Amino acid sequence: MKSIKYLSFLLLPLSVGIAFTTNGWISYLPVFLFFGLLPILEYAFPPNAKNFDKETASKEKENKIYTYILYLTIPIQLFFLAWFFTVIQETQLTTSTYIGRVFGMGLMCGVLGINVGHELGHRNNRFDEFLGELLLLTSLNTHFLPYHNAGHHNNVATPKDAATARLNEPLYLFWIRSHTTSYLQAWQLENARLQNSGRHWFHPQNRMVIYTLCSITLLSAIFAFYGTFVLAAFILASMVGILLLETVNYIEHYGLLRKQKENGRYERVKRTHSWNSDHVLGRLMLFNLSRHSDHHYNGSKHYQLLNSVPESPQMPTGYPGMMLLALIPPLWFKFMNKKIQAF
């Protein structure tokens, strides 16, 4: 029964389904729910830092239901994407309803497409990794895997990392720097990997080549079957998902740096190099992503096993609330810079 609680993610497609079948302000229900009600509830309820004991952790590690719940997100994401292509071109669709439905699909792209794609992309088997790639493709963010696994996890909390927000760096500049730099570094990492194996960069084993062709194929298919209007809506929804990802990246490592040794290398990644949140609702909705400190300490650890550790810097609230705070840079700096100094 411990695994069933993660089915709470179904609240997202449920609210998006309502947005797809209604007009006016109710089409913004997913946004109201996840950036209105959820932050209030998370602030009202205390965080829970309880971890599995060793015996329970050993049992839950073998519990396949946790993985099956991740698998469930794939047909849901694909169904809603196809549904989105239909409902976004309804006649007499108002601009307000259009924006609400785009944001709803964007939340699906961010939470299911990118977040679950991230979790599956860390698995040590090709089948799960492929499913992660498929989910990331639905958000036009497939370059995430090469950069995240080979770049971000190695360089996190250093100036080399595109996805580590620097002290006093505004969120809106971070969006541009992080996304463009991570994309370029994904190409560099894949090109170097192919070169080290004696292959030309333009090779079927270069994932960035394959990902690019898949993205072009997907966009071309949408244009051919649905036209420019739907294609533009899909690109906008993907952008919402990507900006959600980059905002999460921003709050996860803001202002934290690893010490550089005399030989120029950085100390190993510790649980002190990521912000942690034990707020229960956000943890459930994002498959424990907010226990980010332990994730970076052991990237292959499955989401249900991630621990809270006392030495990690703690967020005052869950991810939704912290993301809202980050949207107002002066307030973010005033609040978080004090926490960094204290930490």
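A pocket here is an open set of points on a 1 Å grid over the protein atoms alone, where a 1.4 Å probe fits and protein lies on both sides within 12 Å along at least five of seven lines; lining residues have an atom within 4 Å of a point. Points are joined across faces, edges and corners, and a volume is the space filled by probe spheres set on them. This is a predicted model, where local features need pLDDT of at least 70, side-chain atom pairs count only at pLDDT 80 or more, and totals for chains, interfaces and linings use all residues. Residues are numbered from 1 along each chain as its sequence is written, and side-chain values use heavy atoms, with hydrogens and water left out.

Q: Which helix gives the most to the lining of the second largest pocket?
A: That pocket holds about 330 Å³ of space. Of its 19 lining residues, K5, K50, N51, F52 and R283 are the closest to its centre. Helices are DSSP runs (H or I, at least four residues), numbered from the N terminus. With 3 residues, the top contributor is helix α11 (residues 280-285).

Q: Is R101 buried or exposed?
A: R101 is found in helix α5 (residues 95-121). Its side chain has a polar atom 2.8 Å from the backbone oxygen of V87. Buried means under 20% relative accessible area, exposed over 50%, partly exposed in between (1.4 Å probe, protein chains only). R101 has 1% relative accessibility, so it counts as buried.

Methods: Helix = DSSP H or I, 4+ residues; strand = E, 2+ residues; numbered from the N terminus. Polar contact = N/O pair within 3.5 Å; in protein donor to acceptor, adjacent residues only side chain to side chain.
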